[in-house]
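This note is written for a reader who is new to protein models. Please keep the sequence and the structure in view while going through the numbered points.

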Amino acid sequence: MTKLRTAGLVALGCLCLAGAASAGPVVQVADGVLVVRVSEAANVSVTVTGPEGFALSRVFGQGEAPALQLAEGRGHLADGLYLYDVRVAPAVSRQRGTDDGAEAGLPGAAAVSGSFTVRGGAVERPSGRVETAASGATGRGPNQPDDFFINDDLVVVGSTCSGFDCINNEVFGLENLLLKQNNNRIRADDTSASAGFPANDWQIRFNDDASGGLNRFAVEDLTAARIPMTILAGAPNNSIFVDASGRLGVRTGAPAQTIHALTGDTPGLRLEQDGSSGFSPQTWDVSGNESNFFIRDVTGGNTLPFRLRPGAPSSSVDILGTSGNVGMGTGSASSSLHVFRNNGTAQLKVEEASATLQSRNLLRIINNGASTFRFDNTNTGSAWGFGSRQLQGDFFIGNTPGQTFAMLLTSAGNMTITGTYASSSDRNAKDDINAVDPAEVLAKVSELPIATWRYKGDDATHVGPMAQDFFAAFGLGADDKHIAPTDMAGLSLAAIQALQAEVAEKDARIRALEQRLERLEAAQKP
């Protein structure tokens with residue numbers, strides 16, 4: 001049933017704009033589903049809030065049926081008042097360039113907001129909010145007397161009651177002005193007619209007109225047919241509080257910062273791009289609680305791409321304004337990324353936890369020139385490094401990176417070291433130990449072809465066997481393409497042992513012959 005002097009028409013979830021060329025979006029709530037019906041292709045953004053921290057948002061793209069399952073994942077809706085806000089943006093596609101987000105004059109989004117009540121788990125009395133306010137309604141009945149016209153100032157010493165329900169001997173409290181009837185409004189009609197003078201008409205509304213409407217205090221822009229400000233009945237103390245210095249408190253009467261939001265569970269800020277300027281709809285939440293400060297990608301599945309835990313030390317992440325250097329644990333980053341700790345825990349870790357077994361490049365260093373790593377020992381003052389050389393493209397390990405090389409590996413595969421090369425030969429690291437026959441080794445070594453040669457692309461001359469001949473003769477090594485220095489040394493030692501045995505045998509024979517000769521010469525003397 002509609003009250004007297006209605007300021008518009010409220011249907012079941014339908015918003016009708018006066019003077020519109022086509023019907024606006026229609027919102028229906030039934031069986032736990034909020035459905036939006038639009039007359040043409042559009043992007044539809046729906047947000048529903050309610051009791052017990054209920055908040056649900058979704059953006060429906062062009063071609064999708066805007067139907068929001070309210071109780072999905074919850075089982076049922078808690079009893080109480082629910083508010084919805086629906087924005088329908090024209091199907092216009094834009095790509096953002098380098099602009100700063102300024103509007104480009106595209107058609108705006110149609111907005112529908114309203115409420116519905118849940119009792120006993122069932123939706124009852126949904127209503128749409130009328131965003132246009134009627135003008136020109138006087139509310140005068142056919143039997144009312146003429147107006148009183150006072151062509152002078154009116155001074156009332158005491159209180160004033162205005163409205164159809166005011167009575168004689170009205171009881172006043174501390175109020176100077178009492179509005180008393182079933183539709184209370186304060187309207188400011190600016191009659192300015194001269195060019196350049198502001199002439200907007202405004203109205204303060206106290207509650208909606210229709211059954212199922214909202215209990216609210218609202219400021220209406222009558223000229224633009226909009227309601228830019230609404231306060232619902234039941235809003236907590238200090239829902240909006242501005243102190244003497246201009247600080248804004250939200251649910252607090254003692255704001256400590258320029259904007260101070262206070263609530264018992266996860267205060268937050270929502271940033272919603274509704275698609276009305278032609279860009280894809282996107283919603284972000286910035287919130288914080290006892291577990292973390294976070295940014296939530298609502299559109300992207302409510303993921304939390306950024307989280308900051310309580311107790312994090314100062315400058316956990318610190319970006320320098322002059323250089324853009326990022327410090328982690330330091331406010332004076334000296335590199336593009338500077339990780340600093342002073343408790344022995346500084347560490348970098350790259351971990352790929354995919355269950356798919358495959359080779360991956362987990363660290364890649366790219367530079368227009370040589371790339372190096374450096375390891376500084378602040379205790380000794382020494383520095384070691386490894387990397388590539390600028391011109392040759394070789395790989396080095398050195399005590400002073402780029403200057404003195406302890407090891408150099410060329411692009412041709414040649415390796416040189418400054419010092420001694422040693423490989424493990426610990427008996428405890430070996431098994432299947434078998435003795436060799438030095439004479440057999442010597443025989444094979446004596447038959448092994450030895451030649452001088454050069455590696456392809458290398459001017460240096462070398463001498464030695466071919467890996468194929470070596471492997472065929474001894475069967476040592478990983479394959480017939482390589483020769484291990486340890487195997488070469490071992491065979492050389494075995495061959496030397498065999499030669500030493502032969503020399504010792506010959507020495508013994510020579511000694512015996514010398515002794516025999518000495519005896520014969522002694523026997524022939526007179």
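**Notes on the predicted model**

1. The chain has 3 helices and 31 strands. Helices (H or I, at least four residues) and strands (E, at least two) are DSSP runs, numbered from the N terminus. Residues are numbered from 1 along each chain as its sequence is written. The model is predicted, so local features need pLDDT of at least 70 and side-chain atom pairs count only at pLDDT 80 or more, while totals for chains, interfaces and linings use all residues; side-chain values use heavy atoms, with hydrogens and water left out.

2. Of the 526 residues in the chain, 22% are buried. Buried means under 20% relative accessible area, exposed means over 50%, and partly exposed lies in between (1.4 Å probe, protein chains only). The chain exposes about 36,600 Å², and carbon and sulfur atoms supply 53% of this area. Accessible areas come from the Shrake-Rupley method with a 1.4 Å probe; for residues, only the protein chains shown count as cover.

3. Among the contacts in the chain with a separation of 6 or more, 32% are made by residues 24 or more positions apart. A contact means heavy atoms within 4.5 Å.

4. Strands of a sheet pair through backbone hydrogen bonds, either parallel or antiparallel. Two strands count as paired if DSSP finds at least two bridges between them. Strand β26 (residues 383–388) pairs with β27 in the antiparallel sense over 4 bridges, and G385 has G398 of β27 as its bridge partner. Strand β28 (residues 407–409) is joined to β27 by 3 bridges, and these two strands also run antiparallel. Here F395 stands opposite L409 of β28.

5. Which strands form the open sheet with mixed pairing? Its 3 strands follow the order β15-β16-β17. The edge strands, β15 (241–242) and β17 (259–261), each pair on one side only. Strands β15 and β16 (residues 248–250) run antiparallel and are joined by 2 bridges, with F241 opposite G249 of β16.

6. A search of the whole structure finds 1 disulfide, that is, a pair of cysteine sulfur atoms within 2.5 Å. The disulfide is formed by C161 and C166, whose sulfur atoms are 1.8 Å apart. The link of C161 and C166 is left-handed, with -85 degrees about the S-S bond. C161 counts as partly exposed because its relative accessibility is 22%; C166, with a relative accessible area of 24%, is partly exposed as well.
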